[in-house]
Amino acid sequence: MDTLHTLFYFIVAIAVLVAFHEFGHFWVARKVGVKVIRFSIGFGKPLLSWRKSADDTEFVIAAVPLGGYVKMVDEREEAVKEADLPFAFNRRPLWARTAVVAAGPLFNLLLAVLLFWAVLVIGEVGVKPVIGGVEPGSLAEQAGLVKGDEIVAVNDKATPTWIETFDALLSAAIAGEREINITTKSADDSRQSHMLRLSDQDAETPEGLHKRLGLKPWSPKIKPIVGKLMDDGVAKQAGLQNGDLLVSADGVDIVDWQQWVEYVQARPEIAINLTIERNGVRSELTLTPRREQQKDGNSIGKIGAGVETPKDLLDSLLVKHALSPLDAVPVAFERTWFYAVNTLKMMGKMVVGSASVENLSGPISIAQYAGQSAEMGLTAFLKFLGLVSVSLGVLNLLPVPVLDGGHLLFFAVEAVKGSPVPEKMQMYFQQVGMVLLMLLMALAMFLDIDRLFQ
């Protein structure tokens, strides 16, 4: 069921992003007088197709949902009927061809604006960024952050939730900032300013930055009552049920859920003798946590169980951040620009080796993120779509042959020299671009598979 859930939302995400991208090409092509033969979502054998008339655009949904294309009348690709020559792409003026090619990635950026706007208006629910602990020797300790304080801003940008806080810290690090101002609020409402100092190594990967920060979110003492069990988890297979109270493990009393989590994580593949209480009756069972490899090379134990959190306690931890429809407009544009610039900077860092290629995500990772964000709720899924749409728009604008940006580069050369780049030269560079793109995709797939095994 989890696999089907992930696959479904991955297909939904790809369909939305590709459809909007290709619609940009299609819409502008029609506006500048280019005839469109086919608008396809997906590649391969058509599963569904329709058109108004034999001479109109054919709309297709194809078997492989990993992309799409818009096929236009073009003498460079095939013979064109005499009646269609005035509507051929290659016969349109330079400005028109440029507009058609640029429209795809620009529509992705526009979609990101719309998605971020929707997220801001609907509102995001998150956990208040109250510090629950600071690791000794960590960047947070060096900055003077203390347990119990709430982080209210990063570089003067409000951070109402932990997600916003880590997002702001990561974005500042990617942007190359090595001194980040963090504003905190104490229990008496007094505010303090702290300077977080980073090295280049600290900002190599999001995981590395998160670990070196050494910040632990505050979590209340929650009674160790099972509230959720994964179907394929060790806990369910061992006989645990929702509502079970965990009394002791190997003779050690369990006083709260966090103590139990730490106990399990420290014992991968080590049997635990557990005493539980169910409907007032105590009983014993044995379970052995599965080993899960972490990116830092360490292993932790996991049993596939979650805690039952009292609603009033959950409500006290959560905060909803939303804007009015009008106020959300400039913020949505600002977020899109912010993520686009940071995406470019991260790509540049990976090219020169100052950031790890592990930041790359392939189709498996994207599918997992799609499923996870959808499970978290509508706003999380819309935000995920917005982030991927920004990445897709920026990636396609890169001056790499085969991508839209490569075609725009050829058009720029044409504008300077006054004539098109020779077709043989275009073909050569497109083949080089295809090889580079395939290598990049292979690397992303390799990293995806490596993460799966981890």
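This is a predicted model: local features need pLDDT of at least 70, side-chain atom pairs count only at pLDDT 80 or more; totals for chains, interfaces and linings use all residues.
Among contacts in the protein chain between residues at least 6 apart in sequence, 62% join residues at least 24 apart. Taken along the principal axes, the C-alpha atoms of the chain fill a box of roughly 85 × 50 × 40 Å, and of the 454 residues in the chain, 42% are buried.

Two helix pairings that involve helix α2 were examined. Helix α2, spanning residues 94-122, and helix α11, spanning residues 378-397, have axes that come within 8 Å and cross at roughly 160°; the two helices are therefore roughly antiparallel to each other, and α2 passes α11 in a left-handed crossing. The axes of α2 and helix α12, which covers residues 404-417, come within 9 Å and likewise cross at roughly 160°, an angle that counts as roughly antiparallel because it is over 145 degrees. The passage of α2 by α12 is again a left-handed crossing. On the α2 side, this contact is made by L94, R97, T98, V101, A102 and P105, and on the α12 side by D404, H407, L408, F411, E414 and A415.

Helix α7, formed by residues 257-265, contains the buried residues W257, W260, Y263 and V264. Seen down the axis of α7, the buried residues fall within an arc of 120°, so they line one face of the helix. This arrangement can be set beside the geometry of helices in general: an α-helix has 3.6 residues a turn, so residues three or four places apart point the same way. The cover over the buried residues of α7 includes the strands β10 (226-229), β11 (245-249), β13 (272-278), β16 (299-302) and β17 (305-307). The N-terminal end of α7 is capped by D256, a side-chain oxygen of which lies 2.9 Å from the backbone nitrogen of Q258.

When neighbours within four places in sequence are left aside, A249 is in contact with I254, W260, Y263, I272, N273 and L274; W260 and Y263 are among the buried residues of α7. A249 and E284 are separated by 35 residues in sequence, and their C-alpha atoms are 9.6 Å apart in space.

L209 belongs to helix α5, which spans residues 206-213, and its relative accessible area of 4% places L209 among the buried residues. Not counting residues up to four places away in sequence, L209 touches L169, L170, A173, L198 and D202. The C-alpha atoms of L209 and V255 lie 32 Å apart in space, with a sequence separation of 46 residues.

K35, by contrast, is located in the loop between α1 (2-31) and β1 (36-50). The relative accessibility of K35 is 17%, and K35 therefore counts as buried, the cut-off being under 20% relative accessible area. With residues up to four places away in sequence not counted, the residues touched by K35 are D55, M72, V73, D84 and F87.

Definitions and conventions: Residues are numbered from 1 along each chain as its sequence is written. Side-chain values use heavy atoms; hydrogens and water are left out. Buried means under 20% relative accessible area, exposed over 50%, partly exposed in between (1.4 Å probe, protein chains only). Helices (H or I, at least four residues) and strands (E, at least two) are DSSP runs, numbered from the N terminus. The arc is that of the directions from the helix axis to the C-beta atoms. Contact means heavy atoms within 4.5 Å. A polar contact is a pair of N or O atoms within 3.5 Å; within protein, one must be able to donate a hydrogen and the other to accept it, and residues adjacent in sequence count only if both atoms are side-chain atoms. Axes are lines fitted to C-alpha atoms, for helices over the stretch in contact, and angles run from 0 to 180 degrees between N-to-C directions. Angles under 35 degrees count as roughly parallel, over 145 as roughly antiparallel, 65 to 115 as roughly perpendicular and the rest as oblique. A crossing is left-handed if the near helix is turned anticlockwise from the far one by less than a right angle, and right-handed if clockwise.
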